Amino acid sequence: MEDVWRNLRPAPKENEHELDEAYTYLTMGLLNAIDEFFTGSTAEVEMMSASTAAQRLNELQDEEETFGLTEKSSANSRQLSSSSSNSSGSSKDSGTSVKLLLSLVGGIIAIYMTYQYGVGNGVKVNSSGGSINHPVIPSTDDTSTNLDAVSQTFTKETLHDTRQAATELIDLLNNYYGGENQAKAMLVESWQAHWNLEKGVILSYNDGINDQNNDDDDDVVNNPGERALGKKKAVKKAKNILNDPDNMSPEELSQNHHHKKERSTKLVTTMARALLNPEQSEFKIGTIGSSVAAGHDNCHYDSYESQLERTLTPVFAAAKMGLQVQNAGEGGGCGDSHKNQVFCVTQNLSPDVDIIHYSWTYFEKGGAEEQREQLVRWAQHMPRRPMVHHLVARGKANTCDADSAENVELDRTYAPFAYNAFCIQTGLYFGGHDYDTEIANDINRFGWQHHGDGYHNTTRYGEELPDDDPRKESLGVVYRNWHPGPLGFQIASDAFAYVYVSGLLLALDIIEEDMDSGANIFERWFDTSVGRRDLVGQRQLLQLPPLENMPEPRFCDPVYCSTPHPPKCLNYELPTFGPSGINVDSVTDDWSLWHEPNKWNYMVGKVDTAIFKNKNDPEWFEKCTHLDACGGIRTNGKGTIVYDLPVEQMTAGLVVICVCCGKKIAESMVLNNDNLVFKLNDRILEKSSMDLYPADKCVRLLKGFEEDGYEKEEKMLLSVEVLGGDTEVKISHVIVL
């Protein structure tokens, strides 16, 4: 059993090996004293085998429920044991008994003090022969995360520093948005589905579905028309609003309360696991999306991802962690949409992201719940099982699209995985500003190039600029056009930051309670079912929801979205933050890689382009440069490229190829191109069986295994052969599942 606990301890601090030695010495001395006091002989201890000594030491540690220090080695245990025995002497007079009794009391005191030091300074790792056995947090996927183990201990000091930084950020946002009530209204309550971020409302995964406390008070959330947070006329409720407790039956209200607890529990669990995982040195948030996500018509520096990274960095720095917010947004010029890009989530983003953002506002014209459900389900097979949060560039006055039956179904079904959405305009409305009256008076703050959102006239970092700096006014734009401006992006960034940091603070409270009680802080958050102690059964387990409890898909094809692995992808476009999931087996010289040579002012916007051209500052040219660019591998003549498909990850048998550039390009470049031939293991794939899927720039070469007689083989090579002709072929993606 000791091996189990050895793998659950984080790495020691710089001086903790000395504590190991002191603790081992004291423990062995205490064992000898106990043995001599009750048996009257030290010879048995001196002659004790190394295995017996180790066993007794482990038994003592289990009884003490300490942070699990073990012997250095058999030889060291024997040496320490003998040393302790010799110091106790061989005489059996009454004086010796008194000395032994004092030794026993002293040993207990010493171990207690050592134990308290460990509780106050985090859980420790076993040290044996100078090597460190880091905890191995098993991946939910078969593949390894390939992370370099980071030697860290989450100590009380780190916890307090993190809490201070997190509290300071929450206080800053509360003050900025006019007080705690208004800040929560805009940044928390305006989400599509409600969060419950109050202490003590976290759900244990061995709880029943019904709320044991039957306490639904916090479900009665003020509606926008009921808030007294500034001028705001009453608004009509949309039908079927997800968060409408006034029109819910008692059963619906109980379910709504439970779903909030599920949603919030996953949030808290995500934060705690990141803080405590000794193999994790960086918290990662990644966005896939359109030009809104990319931040087009703004500097890249002003995108919501860049703002979010700057806002959250001090909090994670206090936790001795890095933070990366990956922006894989892609403009529409390449022909991509949510339909094909969700298939490439593990290459577009790092596969070990903690949170995924999805934003395709102007592409979703019905049926997008299929892609969002695919993304949520595939994410649960990624190493850290990230939450998926949807950013909507617009939104209604009284709901973030929670009047859609499909959205309600997604929110309720995937509440255990914390699926949720935030709408920029809804967040602004929930602060109480009377936008409707202004619009009636021809003042549209959501129109193109309007400055000021009714609460602020520029971003927080814009407020630091001199009044005569033209950049200050530019940063106050809510919407550049259909794309949000810096001030519009700021509320999105702040909403994500407020919710995530609130979840982090709840996690810190629970971790501190476990530290103070002397409990193993890993047991609550990670699966340690093998060798679990009785203490665990008396504590809430806040581990991830079991994958076997994944609900049946509501909108997506179960053949594709109930697979044990997410899709694998080779995406030639930029940017990508993860590794390619498909290798090139061979390629002729006729093929060449290609990317659009975008300049620094590509999709920056005329106002900021003029400002920074005038500044002529290379540093700002770099800050403004967007990351996205169309790309692919292309040929104008003959040539063959062969892809080695990852057979072990293919369970459905789906094979897709996408081409560039344009939304309708696949039909002419692929299906109607007689000079383009596809082969699977040298067998020609008939184009009559192909169709446009999942987007119009993509062709589904194979729908699944056993389709037209195809079966899964030990090795599968997909060859793309161009036989000549005038049609240029540009491959942008290869996708398999």
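1. Helix 7 and helix 19 cross in the left-handed sense. In this predicted model, the axes of helix 7 (residues 156-176) and helix 19 (residues 486-517) cross at roughly 145° and come within 9 Å. Sorted by class, the residues in the contact between helix 7 and helix 19 are 13 nonpolar, 6 polar and 6 charged.

2. Helix 8 (residues 180-187) has Gln182, Ala183, Ala185, Met186 and Leu187 as its buried residues. The cover over these buried residues includes helix 7 and helix 19, along with strand 7 and helix 16 (424-429).

3. The largest nonpolar core holds 73 residues, and the members that touch the most others are Phe283, Leu312, Tyr500 and Ile511. Helix 19 is the biggest contributor to this core, giving 19 residues. Nonpolar side chains tend to be buried together in soluble globular proteins.

4. What does Leu312 touch, leaving aside residues up to four places away in sequence? The list for Leu312 is Leu169, Ile285, Leu323, Ala497, Tyr500 and Val501. Of these, Tyr500 is also named with Leu312 among the residues that touch the most other core members.

5. A further core, of 36 residues, lies apart from the largest one. Ala328, Trp378, Met382 and Val656 are among the residues of this other core.

6. Within the parallel sheet, strand 5 (residues 355-359) is joined to strand 6 (residues 387-392) by 4 bridges. Tyr358 has His390 of strand 6 opposite.

7. Another open sheet, also of 5 strands, has antiparallel pairing and the order 9-12-18-14-15. Which strands stand at the edges of this sheet? They are strand 9 (583-587) and strand 15 (683-684); each has a single partner strand, so one side of each is left without a neighbour in the sheet.

8. In the antiparallel sheet, 7 bridges pair strand 12 (residues 639-645) with strand 18 (residues 716-722). Thr640 has Glu721 in strand 18 as its bridge partner.

Definitions and conventions. Residues are numbered from 1 along each chain as its sequence is written. This is a predicted model: local features need pLDDT of at least 70, side-chain atom pairs count only at pLDDT 80 or more; totals for chains, interfaces and linings use all residues. Side-chain values use heavy atoms; hydrogens and water are left out. Two strands pair if DSSP finds at least two bridges between them. Helices (H or I, at least four residues) and strands (E, at least two) are DSSP runs, numbered from the N terminus. Axes are lines fitted to C-alpha atoms, for helices over the stretch in contact, and angles run from 0 to 180 degrees between N-to-C directions. A crossing is left-handed if the near helix is turned anticlockwise from the far one by less than a right angle, and right-handed if clockwise. Ala, Val, Leu, Ile, Met, Phe, Trp, Tyr, Cys and Pro count as nonpolar, Asp, Glu, Lys and Arg as charged, and the others, Gly among them, as polar. A nonpolar core is a set of buried Ala, Val, Leu, Ile, Met, Phe, Trp, Tyr and Cys residues joined through side-chain atoms within 4.5 Å. Buried means under 20% relative accessible area, exposed over 50%, partly exposed in between (1.4 Å probe, protein chains only). Contact means heavy atoms within 4.5 Å.
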